[in-house]
Amino acid sequence: MAKLYFYYSAMNAGKTTTLLQSNYNYRERGMETLLFTPSIDTRRARGVIASRIGLEADAYPVDETFDFFEFVACAHGEMPKLACVLVDEAQFLTKAQVVQLSKVTTLLKLPVLCYGLRTDFQGEPFEGSKYLLSWAQEMTEIKTICHCGSKATMNLRVDADGRAVKEGPAVEVGGNERYVALCRKHYDTAVENP
Ligand SMILES: [Zn+2]
């Protein structure tokens, strides 16, 4: 059975690099893939998934009104070798879109690989991540470490001077320098002593 996969992590753990590697593996074997990225991510030109180590691939930009099931069902008819759907920045998906992606696995029998952050800079779950963590059949943590060597699970947002930011909207897509992946202890220390 095709499954819904969620690869989750803190910031800067290499999610996008992992996505692009998986995509490459499918294409190397002569299979076709569909890549999606939220249009909220404007670090690069719209419709490109780019990793920090220089890999990139074309992707369909999507917003919260986009219907994954409708699009993939339509594309599937014209792509006989379509073997996989990959979604970057999956934390920005809506609940309805996670449902649509589930239907891609059950009705279209295509595996869906989603990559995203588990929580925002205040430790709150993103909508997409909340439902992916609830409904994905397979979950894999992509690990990265805090400066102390412990596993980083929290995302600290910092200002231009490197001080902890405690308030603001969850979504602020921009340069990686705005976030630091930390363990719980060092996240708490940074937030309590900005
Ligand atoms: Zn630490």
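Asn 12 sits in the loop that joins β1 to α1 (15-28). Here helices (H or I, at least four residues) and strands (E, at least two) are DSSP runs, numbered from the N terminus. The model is predicted: local features need pLDDT of at least 70, side-chain atom pairs count only at pLDDT 80 or more, and totals for chains, interfaces and linings use all residues. Residues are numbered from 1 along each chain as its sequence is written, and side-chain values use heavy atoms, with hydrogens and water left out.

Asn 12 is not a glycine, yet its phi is positive, about 60 degrees. Its relative accessibility is 25%, so Asn 12 counts as partly exposed; buried means under 20% relative accessible area, exposed over 50%, and partly exposed in between (1.4 Å probe, protein chains only). Glu 89, in the loop between β6 and α3, also has a positive phi, of about 50 degrees, and is not a glycine. Glu 89 counts as buried, at 9% relative accessibility.

Asp 88 lies in the loop between β6 and α3. With 4% relative accessibility, Asp 88 counts as buried. Leaving aside neighbours within four places in sequence, its contacts (heavy atoms within 4.5 Å) are Thr 16, Leu 19, Phe 36, Thr 37, Pro 38, Ile 49 and Tyr 115.

## Nonpolar cores

A nonpolar core is a set of buried Ala, Val, Leu, Ile, Met, Phe, Trp, Tyr and Cys residues joined through side-chain atoms within 4.5 Å. The largest one here has 26 residues, and those with the most contacts inside it are Phe 36, Val 72, Val 87, Leu 93, Leu 101 and Cys 114. At least two residues of this core come from each of β1 (4-9), β2 (32-38), α2 (68-78), β6 (82-87), α3 (95-106), β7 (112-117) and α4 (127-135). A second, separate core has 13 residues, among them Tyr 7, Leu 19, Leu 20 and Leu 35.

What does Cys 114 touch, not counting residues up to four places away in sequence? The list is Leu 4, Tyr 5, Phe 6, Tyr 7, Val 87, Ala 90, Leu 93, Leu 101 and Leu 132.

## Packing of α3 and α4

Two packed helices are described by the angle between their axes and the distance between the axes. For α3 and α4 the angle is about 35 degrees and the axes are 8 Å apart. Axes are lines fitted to C-alpha atoms, for helices over the stretch in contact, and angles run from 0 to 180 degrees between N-to-C directions. From α3, Lys 95, Val 98 and Val 99 meet Glu 127, Gly 128, Tyr 131, Leu 132 and Trp 135 of α4.

## The zinc site

The zinc ion has the protein donors Cys 146 (SG), Cys 148 (SG), Cys 183 (SG) and His 186 (ND1), at 2.0 to 2.3 Å. Donors are N, O and S atoms within 2.8 Å of the metal (3.2 Å for Na, K and Ca); water is not among the atoms, so sites may look incomplete. Cys 148 lies in the loop between β8 (138-141) and β9 (154-157) and His 186 in helix α5 (residues 184-192), so the pair ties together parts 38 residues apart in sequence. Cys 148 counts as partly exposed, at 39% relative accessibility.

Tyr 187 is also in helix α5 and is buried, with a relative accessible area of 6%. Its C-alpha atom is 9.3 Å from that of Cys 146, 41 residues apart along the chain.
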